[in-house]
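Have the model open and follow along.

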Amino acid sequence: MRLNPDFRVFEVAGKYLLLYTGTKAVDAKSAFELNAPTAQFLQRIDTQDFSEEEMLEWLLSEYEVEREQAVADVRELVEILRERRMLIEL
């Protein structure tokens, strides 16, 4: 999967947002607030392909977090981003 190129990560007033930058009309789901680790990962991969496993391994290597919690967090995030069409499946 990869981040939909119509979305970009921005830092606004100390918060990280995934915002729609495309040209089509969109609804309120076109913006999504991110935590710092998620924003850092998405900025790092930019337009590259990635898997849930790669996201998980990066999270575990960068932050002190229990594996079980990281797995749950990554799955939840990916599900939300898929529902909002912020990810492209390859």
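The buried residues of α1 pack against β2, β3, β4, α2 and α3, where contact means heavy atoms within 4.5 Å. Helices (H or I, at least four residues) and strands (E, at least two) are DSSP runs, numbered from the N terminus. Please keep in mind that this is a predicted model, in which local features need pLDDT of at least 70 and side-chain atom pairs count only at pLDDT 80 or more, while totals for chains, interfaces and linings use all residues. Residues are numbered from 1 along each chain as its sequence is written, and side-chain values use heavy atoms, with hydrogens and water left out.

Which residues of α1 are buried? They are Pro37, Thr38, Ala39, Phe41, Leu42 and Ile45; buried means under 20% relative accessible area, exposed over 50%, and partly exposed in between (1.4 Å probe, protein chains only). Isoleucine 45 counts as buried because its relative accessibility is 4%. Just after α1, aspartate 46 takes a positive phi of about 50°.

Now turn to the partner helix. Two packed helices are described by the angle between their axes and the distance between the axes. For α1 and α2 the angle is about 120°, and their axes are 11 Å apart; axes are lines fitted to C-alpha atoms, for helices over the stretch in contact, and angles run from 0 to 180 degrees between N-to-C directions. The two helices, α1 and α2, are therefore oblique to each other, since angles under 35 degrees count as roughly parallel, over 145 as roughly antiparallel, 65 to 115 as roughly perpendicular and the rest as oblique. At this meeting, Pro37, Gln40, Phe41 and Arg44 of α1 face Glu54, Met55, Trp58 and Leu59 of α2.

Finally, look at the loop between β1 (2–3) and β2, which holds asparagine 4. Asparagine 4 is buried, with a relative accessible area of 14%. Not counting residues up to four places away in sequence, asparagine 4 touches Arg85, Met86, Leu87 and Ile88.
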